[in-house]
Amino acid sequence: MSTDHPFAAVRNFSLRSLFVLTTFPLGCAATRDSAASADHAEESDAWDSDGEHDSNDESSESPGNGDPSENEQTVSFRLPEASGRFVYAASPGSDTVAVIDTSSLAIEVVRVCGRPTVVRSVAASDDAAAAVAVLCQGSDELALLRTDNDGHTTSIIHHITPGANEVAVTPDGSYVFVFHDVDAADPLGPGSDQEVTVITSADATQIAMVVGAHPREIRFSPDASTAYAVTASGVNVIDLTQIASQTKPPLVPVHTDPAIEPSRLEVHISTIHGQAVVRTENEANLVVTDLATREQFTFALPGVATDLDIAADQTFAVVTLPGDNINPSEFAELMLPVLPGSTVRRTAVDNEYVGLAHLAPDGQSIILYTTVMPPPPPNDDSTGDTGDTGDTSDTGDTGTATSGSTGSGTGDTTGDTQDTGAAVRLGGARGARRLFDLALGRFDTVVPTLRHDDPRERVTVVRREGGTWGQQHTLYVETAVRGVGVAPDSNSAILLHKRLADDNVDPWSYTLLDLAKPIPLKKRQAVPAPPDHILITPEGHRAAVLLRDDAREIRGVEIIDLRTFIVERLRLGSPPEGAGYVHATAKIFVSQAHPQGRLTFVSDEGAIQTVTGFQLNDSVKD
């Protein structure tokens, strides 16, 4: 999961993905977005989701043999953007951007360039109250808009690389990168997706550079000294202190096999430490590459990992290892930065099948779940003489780092067979476990150690205790989980559920989870439409859940007080499209599908204001 973390702006997710204004990590086998990173900027991987809307069909979700294909997907969702106290809403049909002052609801409409689509906030300088970069895909141009404290906006237009569909901005706003994201819906057409345009916001100069094939995202170090372009060929390391000379920045392979199919890789970047952490589909290892020295470390895992996440503070990474008929499900922790001698620390998950993990931003809690049905347990006869595997339920170390391109290490985590006096426990820690009666000389009782009902209807919360992962709480949540998100303050989470096919009244639901309680408190909320777009405010106190079903004319938003779990549903005049947050005025805004443009603002006190018609405003500024 997702990463970009603690969002200093907003956790916002949509459901082809879950969350936000850009992208976050994909955790499925053969992930489409191998660019998932963990630089934890404003736009984050707050949510994990399987992207499915209407299926509870277990047959299509059973992992079978090999890598269980957990369904965790992420995607960009393009919304109006907040900067300072202003909201900027692009109108592709009129080639304009509406600048809305959320303190007074005054509107200025600024003409920009052809078919503006993507809007990204830029850190404003001292003489500006707000600033954004606006990508115009119809004319291959980028407009830099700056709004002063009086609400007046100016713009500078730049020509950019043809076919660009995404914008990334350094944390300090010094550089704006414009590129073609291969995972976006927009096709490239003739040309190359390897050309990137970099614009310096201070003096409006431009640098053209070429990166590896099929770039997916660009991330930045916290001090904005280095940019990392994640591509199908590896990671381009861009020295921003020498930006003028970076026309072809060095490319660093992030796997021991440079010829591996890129779609098999899930790549996360620790921008603090300058390391790439890679999980590979159907391979039982983890590869870490130092992007400065190119030194690689390979860690052997006890099984195939199905998910990879990096903590918000980038102090550790976690991989999830589904169990089989012998071994329990586990999650394994790797401390960052990786150094020679680093090890992977494994923690077993009692009696559960899990394949996905979502870390709380504070790194003190982890939510484990699955979106697939595990293979059925073996019959009694199949576990008769499996030999002694020991008790693998304890935490142990494994995978000592070996420097180099192919090195790996392992550790012994299996214990000796224990003589209980009357019986010896044999067989695996998962599936059916049998007792061998020493007096009778035969296998006797079958002891199930894995819950065989639907594991998708449970989540397991594990918390840190004294620096290690401690007590586990498994909760029944009634309906199969399809997505998980955690608030920025780490005190609460929202679980999204699959559709109840036999419920024609409120077939959808989500669950609110209180992570601050010793035993997590949960509240299930039934809703009449899929809760596909959700926003959690930066302080973690409020959330907005958008509800839309055009066939049944359902158009609304649920405002949740995450401190009390009280939910208020508001009717909207038009179908909701997305949500955002204005930190300066503490207002949630909901963008709606309306021919003249419509935004509804909800204040911290619950006051509601709606602005309509800003796309037809006559005061167009050239």
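Arg-264 counts as partly exposed, at 24% relative accessibility (partly exposed sits between buried, under 20% relative accessible area, and exposed, over 50%, using a 1.4 Å probe and protein chains only). This is a predicted model, so local features need pLDDT of at least 70 and side-chain atom pairs count only at pLDDT 80 or more, while totals for chains, interfaces and linings use all residues. Residues are numbered from 1 along each chain as its sequence is written, and side-chain values use heavy atoms, with hydrogens and water left out. Here's a quick tour of the salt bridges and the disulfide.

**Salt bridges around Arg-264**

- Arg-264 and Glu-283 meet through their side chains in a salt bridge, 3.3 Å from N to O (the term covers a side-chain nitrogen of Lys or Arg within 4 Å of a carboxyl oxygen of Asp or Glu).
- Glu-283 sits in the loop between β20 (275-280) and β21 (285-290), and Arg-264 in the loop between β18 (251-252) and β19 (265-270), so this pair ties together parts 19 residues apart in sequence. Strands here are DSSP runs of E, at least two residues long, numbered from the N terminus.
- Glu-283 is partly exposed too, with 22% relative accessibility.
- Glu-281 joins in as well: Arg-264, Glu-281 and Glu-283 are linked in a network of salt bridges.

**Other salt bridges**

- The count for the structure comes to 18 salt bridges.
- Arg-542 pairs with Asp-604 through a side-chain salt bridge, at 3.3 Å from N to O.
- That pair links distant parts of the chain, 62 residues apart: Arg-542 is in strand β41 (residues 542-549), and Asp-604 is in the loop between β46 (598-602) and β47 (608-612).
- Arg-542 is buried, at 5% relative accessible area, whereas Asp-604 is partly exposed, at 43%.
- Glu-217 and Arg-219 form a salt bridge whose closest N and O atoms are 3.0 Å apart, and both of these residues are buried.
- As background, side chains of opposite charge can pair when their charged atoms come close.

**The disulfide**

- There is one disulfide in the structure (a pair of cysteine sulfur atoms within 2.5 Å).
- Cys-113 and Cys-136 are the partners, with an S to S distance of 2.1 Å.
- The link of Cys-113 and Cys-136 is right-handed, with 70 degrees about the S-S bond.
- Cys-113 lies in the loop between β6 (107-111) and β7 (116-121), with Cys-136 in strand β8 (residues 130-136), so the bond ties together parts 23 residues apart in sequence.
- Cys-113 and Cys-136 are both buried.

Notes. Helix = DSSP H or I, 4+ residues; strand = E, 2+ residues; numbered from the N terminus.
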